[in-house]
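Trainee: I have some questions about how the terms are applied here. Can we take them one by one?

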Amino acid sequence: MLAHSQIPHPPLSAGDSGYQRIRSDIIFGVLNPSGRLKLESMKEDYGVSVSTLREILNRLASEGFVVAEGQRGFEVAPVSIQNLRELAELRILLEHHAMTESFRAGDMEWEGRVVSAHHKLAATERAILTEGDDPELRKRYDGEFHQALISSCGSRELMQTHAVVFDKYFRYALQYRGSATVEQHRALLECALKRDAEAAKGILTEHISGCVAHALAVGRLR
């Protein structure tokens, strides 16, 4: 009998596959911020029909990754200093509250999730030093760690909202920040194991503020 993790997942529909690919291409800058999304060329690139593309782009518009321009079509959502700061503030607000609740309610299973997620993130960060950065892999394990920290908050809606905000925020975090972020992730792990939410909130604020400063230093934001 297959273990749960080995059970094969049903294949994604063309629409779901196209949605995930386009969303990822926006996050990682393959599709340029503020760039026009031309349905005819995208139909070839993503292997979906124009009607399915419209559905995907309307879905992404509802999440804030795409801007619908009425009769003019669709554009990739722009990036800006103001948007980065808004997303950073929203992440801090959501994660502070979610960590407080999660640390209070977290049991041994939660602790195991946090330790496991940090182990994978730390291994990924070590590999960057020798093999170079892989933003997609880094995002996966960074996101999993922050989600693990809040996974006992008791609110599925809060976790889903945080995940979307994290993905939008990561558009600004494509350049790796280095050792400071490694130390902050380790400190967040230690706070979780001690159930010290107040210290964790301070570290998270410093962590996100450092990411914003780094994005402003290396980017071309206005």
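Predicted model: local features only at pLDDT ≥ 70, side-chain atom pairs only at ≥ 80, totals over all residues.

Trainee: What makes it a cavity, and how is the volume defined?

Mentor: On a 1 Å grid over the protein atoms alone, a cavity is a set of points where a 1.4 Å probe fits but cannot get out; a pocket is an open set with protein on both sides within 12 Å along at least five of seven lines; lining residues have an atom within 4 Å of a point. Points are joined across faces, edges and corners, and the volume is the space filled by probe spheres set on them. The count comes to 1 cavity of 30 Å³ or more.

Trainee: Which residues are closest to the centre of the largest cavity?

Mentor: Of 19 lining residues, Arg 138, Asp 142, Ala 173, Thr 181 and Cys 211. The elements that give two or more residues to this lining are α5 (108-131), α6 (135-149), α7 (156-170), α8 (179-194) and α9 (197-218). The largest share, 4 residues, comes from α9.

Trainee: How is the lining of the largest cavity sorted by class?

Mentor: Ala, Val, Leu, Ile, Met, Phe, Trp, Tyr, Cys and Pro count as nonpolar, Asp, Glu, Lys and Arg as charged, the others, Gly among them, as polar. That gives 9 nonpolar, 5 polar and 5 charged residues.

Trainee: What is the volume of the second largest pocket, and what gives the most to its lining?

Mentor: The volume is about 320 Å³. α1 gives the most to the lining, with 5 residues. α1 (14-27), α6 and α7 each supply at least two. By class, this lining has 4 nonpolar, 2 polar and 6 charged residues.

Trainee: What counts as a helix or a strand?

Mentor: Both are DSSP runs, numbered from the N terminus: helices are H or I, at least four residues, and strands are E, at least two. By that rule the chain has 9 helices and 3 strands.

Trainee: Why are β1 and β2 called edges?

Mentor: The open sheet has the order β1-β3-β2. β1 (36-37) and β2 (66-68) each have a single partner strand, so one side of each is left without a neighbour in the sheet.

Trainee: What are the ground rules?

Mentor: Residues are numbered from 1 along each chain as its sequence is written, and side-chain values use heavy atoms, with hydrogens and water left out. Local features need pLDDT of at least 70, side-chain atom pairs count only at pLDDT 80 or more, and totals for chains, interfaces and linings use all residues.

Notes. Pairing = 2+ DSSP bridges.
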